[in-house]
Amino acid sequence: MGKQGRKRLVSYALFLAALFQCRFLAFAILDPLDFLALQLIRKSMNDLPGSSFFASWDFTSDPCNFTGVYCESDKVIALNLGDPRAGFPGLTGRLDTAIGKLSALTEFSLVPGRVFGSLPMSISRLENLRVLAVTRNFISGDIPASLGRLRRLKTLDLSYNRLTGKIPRSIGTLPELTNVLLCHNNLSGSVPPFLSQALTRLDLKRNALTSSLPNSFSPSLQFLSLSWNQLSGPVDSVLSRLDQLSFLDLSFNRFTGPISDRIFSFPLTNLHLQRNSFYGPVQPGDQVKISTVDLSHNMLSGRISPMFSTVQNLYLNHNRFTGQVPDSLVDRLLSASLQTLYLQHNFLTGIGINPTAEIPQSTSLCIQYNCMVPPVQTPCPLKFETQKTRPTSLCNEWKG
């Protein structure tokens, strides 16, 4: 081989050595503990049929380039498992305890799928975690009380799983929580105090929670949903401070007591208090600007306030309201500004609608089973009473 050939061979060897070194450095940049943790997480989970999320998880290449893995320097700082696009299959398997080895993790999420087992207690070691979102899977068992160590946590979403037991009081002490979603589980016991002054969203609906509400919710709350539980007691003093609420749903519980007039001045778009045992008159101090108000299936009484005429969908059925329906409600209904007016199953004695009046097709009116003969016949929801008018004997008894 000539001199020129030897030079080319040496140059090529140096090139290969440099290439190997670069590849080695690229693969070795990740912290070994993080590398091992990702391997164990991968071994514990698989793609569901139709999913290809783990296709890029080739451990002969740089893990920081894996789908769902985000690194800073030599550490994994975010891990989003599964394809978040709607309709895409998720993952199956179990969450490995190795998740707790990713010491710099600030965000961990798992898309809907068929992941079983309990939530690893090792997650409690992730002191930098700000987002924990493991939703719409088959996670079971108790919520670890040790999650109370995650003092920087802002979002906790464990909704749509099979969690049981009580909501740990330690979670309520987390100082930076802004969003708590534990809905659609099988959680029991009472609602713990939530002390974070930054909390804006609390969703605990569709569980088996009992007892009365703590009087310690932050005034920062904007979304509160506690429906479909077994909660009881009065709520007047609890709600009076929550004047930033834009959505409130306490329906399908066992709450009692009066409904505060002040709640109707909150910046709400939806107010759902149906299917409880609230009682007494309801008299807002000003025109109600809430789009949908549902107070049905309670024990509310007195006259219907004309202040409800500015509501778009008003459900007052199955209560004990008496007297004449305010003309302002009728006018708004006939102009189609009031789209839904359900007043059936009360003790109302009159409504100012001409029998020849045309009810707009875009509106829905139901006034049957009151202490009057309905002046117009309108279709009512299915499964309500077939009788158009309440028996006179019941009306007289109520008057007496």
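Me: Is F66 buried or exposed?
Reply: F66 is buried, because its relative accessibility is 3%. Buried means under 20% relative accessible area, exposed over 50%, and partly exposed in between, with a 1.4 Å probe and protein chains only. Keep in mind that this is a predicted model, where local features need pLDDT of at least 70, side-chain atom pairs count only at pLDDT 80 or more, and totals for chains, interfaces and linings use all residues. Residues are numbered from 1 along each chain as its sequence is written, and side-chain values use heavy atoms, with hydrogens and water left out.

Me: OK, rings next. How many aromatic pairs are there?
Reply: The structure has 13 aromatic pairs. Rings of Phe, Tyr and Trp (its six-membered ring) pair if their centres lie within 6.5 Å; planes under 30 degrees apart are stacked, over 60 edge-to-face, and the rest tilted.

Me: What sort of pair do F53 and W57 make?
Reply: A tilted one, with 6.2 Å centre to centre and 50 degrees between the planes. F53 is buried at 6% relative accessibility, and W57 is buried at 7%.

Me: And why is the F59 and F66 pair edge-to-face?
Reply: Because their planes are at 90 degrees, with the ring centres 5.1 Å apart. F59 is partly exposed, at 21% relative accessibility.

Me: Which residues are in the cluster?
Reply: Ring pairs link F35, F53, F54, W57, F59 and F66.

Me: Switching to charges: what lies over the face of F88?
Reply: R85, at 4.1 Å from the ring centre. That term needs NZ of Lys or CZ of Arg within 6 Å of the ring centre and within 35 degrees of the ring normal.

Me: And which ring does R390 sit over?
Reply: The ring of F347, with the charged end of R390 3.8 Å from its centre.
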